[in-house]
Amino acid sequence: MAVKWIGGHSSSILCLDVNTEGLVASGAERGELTLWDGGGTPTGQLQLPKADDVTSVVFSPRCPARLYISHGETISLLDIRSLKEPIERFHVNEEEINCLSVNETENFLAAADDSGAIKVMDLENKKVSRSLRHSNICSSVVFRPQRPQSLVSCGLDMQVMLWNLQKARPLWTTNLQQCETEEDSPQSAGQFFNPPLAHSLSVASCGNIFGCGAQDGKVRIFRVTGAKFERELEFQGHSLGVSQVLFMPEAYWLLTGGNDGKVLLWDVSSSVGKQQKSPAKSLQRRKPQAPASTRKDGKLNKVASNEHGRVLPKLTIEHGEKVNWILCTEIKGSRRVLVADQSISVSVYPLPEP
């Protein structure tokens with residue numbers, strides 16, 4: 001059974017993040033923001049004016065007390081040691097922001113919105129340095145680790161794009177629907193009914209491998225090589241849309257959350273690790289994998305191992321509610337996945353060690 005963190009919200013939780021000290025932030029509908037300690041106790045709460053939904057929360061990579069949040073078309077910078085009025089507010093987007101990302105050196109912040117725009121802010125000069133664009137809602141934008149000038153984005157235009165901040169146009173673009181048509185896959189006809197609208201991105205700690213979750217239930221893994229990227233792997237992750245993808249730190253283990261109420265853990269190291277220098281010591285060549293397992297109500301059940309070369313989940317969590325956000329963190333020395341859904345609580349599940 002999941003451990004539930006309760007008492008922090010009265011509206012559906014939309015987003016989560018954790019700082020380097022293990023403090024978790026959650027944003028919810030109607031302008032609610034809550035801070036939690038590692039034990040799941042609320043340590044601070046803030047009600048934002050106008051009650052706009054808090055759609056993204058991102059801690060500073062350099063200062064654990066700084067927290068960037070998006071609410072409506074506004075970005076606010078908060079000091080969590082004194083959770084009152086924002087230190088700064090930025091109003092650079094014209095429509096509701098869906099996703100924030102701050103690069104490792106914290107000199108740029110990217111904000112993706114419903115108009116398809118990605119506004120990139122120079123945080124030192126407090127102004128917009130780039131305006132990038134999708135042709136439909138931009139759902140996710142992520143700076144690449146170890147490459148502070150490079151980011152990837154995806155949207156409901158079914159496009160995945162690679163950008164460099166020195167250029168206004170994307171370095172490389174892939175249309176997920178065209179990928180399917182070119183391969184003439186059996187599902188390509190179904191693309192019209194269940195198109196691969198792209199919902200979520202996550203970049204592995206090496207900076208060159210990233211995953212994308214889409215409405216067609218598939219997870220696609222891409223590899224960046226220079227100024228372009230290529231699809232490395234694709235697998236059916238969920239029976240409904242994949243709302244969240246998240247590479248765990250220091251490993252090619254990927255967590256995915258779906259509209260089917262499942263949270264899945266995948267080990268893609270055998271597929272991407274062949275050509276990629278491993279991001280951590282834990283990724284040395286592995287022995288053949290044991291059969292995957294399924295966790296339901298806290299019990300582990302054996303499931304079929306990978307007999308036909310298909311990618312199968314290493315762990316299945318039957319969460320039961322549509323997943324809004326997933327977060328990986330360490331609590332009391334053990335890895336946990338935190339899940340936000342349509343409810344007012346955060347669910348916490350144990351994870352195996354890499």
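1. In strand 19, Gly213 is the bridge partner of Ser200. Strand 18 (residues 198-203) and strand 19 (residues 209-214) run antiparallel and share five bridges. Strands here are DSSP runs of E, at least two residues long, and helices are runs of H or I of at least four, numbered from the N terminus. Two strands count as paired if DSSP finds at least two bridges between them. Five residues separate strand 18 from strand 19 in a hairpin. In that turn, Gly207 has a positive phi of about 90°. Strand 18 has five of its six residues buried, so the rest of the structure largely encloses it. Buried means under 20% relative accessible area, exposed means over 50%, and partly exposed lies in between (1.4 Å probe, protein chains only).

2. A word on the basis of this note. This is a predicted model, in which local features need pLDDT of at least 70, side-chain atom pairs count only at pLDDT 80 or more, and totals for chains, interfaces and linings use all residues. Residues are numbered from 1 along each chain as its sequence is written, and side-chain values use heavy atoms, with hydrogens and water left out.

3. How confident is the model? The chain averages a pLDDT of 89, and 86% of the residues score at least 70. pLDDT is the predictor's confidence in each residue, from 0 to 100. Residues 187-191 stay under 50. For them the model has seven contacts beyond four places in sequence. A contact means heavy atoms within 4.5 Å. Residues 276-308 are also below 50 in pLDDT. That stretch has 56 contacts in the model beyond near neighbours in sequence.

4. Now the chain as a whole. Its secondary structure comes to two helices and 30 strands. Of the 354 residues, 56% are buried. Take the contacts between residues at least 6 apart in sequence: 44% of them join residues at least 24 apart. The chain exposes about 15,800 Å², and carbon and sulfur atoms supply 47% of that area. Accessible areas come from the Shrake-Rupley method with a 1.4 Å probe; for residues, only the protein chains shown count as cover.

5. Strands 6-7-8-9 form an open sheet in that order, with antiparallel pairing. Strand 6 (54-59) and strand 9 (88-90) stand at the edges; each has a single partner strand, so one side of each lacks a neighbour in the sheet. The twist averages 20° from one strand to the next. Axes for such angles are lines fitted to C-alpha atoms, for helices over the stretch in contact, and angles run from 0 to 180 degrees between N-to-C directions. Five bridges join strand 6 to strand 7 (residues 66-71). Phe59 has Leu67 of strand 7 as its bridge partner.

6. Strands 10-11-12-13 form another open sheet, in that order and with antiparallel pairing. Here strand 10 (97-102) and strand 13 (127-133) are at the edges, each with a single partner strand, so one side of each is left without a neighbour in the sheet. The twist averages 20° from one strand to the next. Strand 10 is joined to strand 11 (residues 108-113) by five bridges. Leu100 has Ala111 of strand 11 as its bridge partner.

7. Two lysines have backbone angles to check. Most residues other than glycine have a negative phi. Lys126 has a positive phi, near 55°. Lys126 sits in the loop between strand 12 (117-122) and strand 13 and is partly exposed, at 42% relative accessible area. Lys332 also has a positive phi, of about 55°. The loop between strand 28 (323-331) and strand 29 (334-341) holds Lys332, which is exposed at 82% relative accessibility.

8. The structure holds five aromatic pairs. Rings of Phe, Tyr and Trp (its six-membered ring) pair if their centres lie within 6.5 Å; planes under 30 degrees apart count as stacked, over 60 as edge-to-face and the rest as tilted. Trp5 and Trp36 have ring centres 5.6 Å apart and planes at 35°, so this pair is tilted. Trp5 lies in strand 1 (residues 3-5) and Trp36 in strand 4 (residues 32-36), 31 residues apart. Both Trp5 and Trp36 are buried.

9. Phe235 and Trp266 have ring centres 4.4 Å apart and planes at 45°, so they too form a tilted pair. Phe235 is in strand 21 (residues 228-236) and Trp266 in strand 24 (residues 262-267). Phe235 is buried at 5% relative accessible area, and Trp266 is buried at 1%. Separately, Phe210, Phe222 and Phe229 form one aromatic cluster.
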